[in-house]
Amino acid sequence: MDIIQRLKKVLKLTFIALILGSIYLYIFTTYGIGIPCVFYKVTGWQCPGCGMTRAIAQLWKGNIEQAISYNVLSVSIFPIFVIYLIYRIVVYIKGADSSFKIWEYVVLILLWIATIGYGIARNVI
């Protein structure tokens, strides 16, 4: 697959993701209908992602403080993950060596530790 084909594939998938995400965000902000958290329903504890949809909706409206109150990960770790995802997409489009580098493992492990730590802290504190 050459660079043009990979770019077209990424653009197509990105377009689909943006359309679906926009539809979901519209439905959530207009009707208040969101995807319920199965972890919360089963355990009664908030998972690290609980409140992320509300936080992203508030970020969309420019309410950063309200977004942080719903889920701090959406304004801290989530952007780091998005930047990393963009990096991986660029590597894919270029057709470069796609094997993981040591720094990528370190970053992903740190993100997971922070996410799990937040999930524990928000239920204990």
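The following exercises, with worked solutions, concern a predicted model.

Local features require pLDDT of at least 70 and side-chain atom pairs count only at pLDDT 80 or more, while totals for chains, interfaces and linings use all residues. Residues are numbered from 1 along each chain as its sequence is written, and side-chain values use heavy atoms, with hydrogens and water left out.

**Exercise 1. Helix H6**

Solution. Helices are DSSP runs of H or I with at least four residues, numbered from the N terminus.

The next step concerns burial (buried: under 20% relative accessible area; exposed: over 50%; partly exposed: in between; 1.4 Å probe, protein chains only). Glu-104, Leu-111, Thr-115, Tyr-118, Gly-119 and Arg-122 are buried in H6.

**Exercise 2. Cysteines**

Solution. A disulfide is a covalent bond between the sulfur atoms of two cysteines; here the criterion is a pair of cysteine sulfur atoms within 2.5 Å. Cys-47 is in none, and its nearest cysteine sulfur, that of Cys-37, is 3.6 Å away. Cys-47 is buried, at 17% relative accessibility, and Cys-50 is buried, at 8%.

**Exercise 3. An aromatic cluster**

Classify the ring pairs that Tyr-84 forms with Tyr-87 and with Trp-103.

Solution. Rings of Phe, Tyr and Trp (its six-membered ring) pair if their centres lie within 6.5 Å; planes under 30 degrees apart count as stacked, over 60 as edge-to-face and the rest as tilted. The structure holds 5 aromatic pairs. One of them, Tyr-84 with Tyr-87, has centres 6.1 Å apart and planes at 35°, and is tilted. Both residues lie in helix H5, 3 residues apart, about one turn of the helix. The centres of Tyr-84 and Trp-103 are 6.2 Å apart and their planes are at 85°, so this pair is edge-to-face. Because Tyr-84 lies in helix H5 and Trp-103 in helix H6, the pair ties together parts that are 19 residues apart in sequence. Tyr-84, Tyr-87 and Trp-103 form one aromatic cluster.

Notes:
Helix = DSSP H or I, 4+ residues; strand = E, 2+ residues; numbered from the N terminus.
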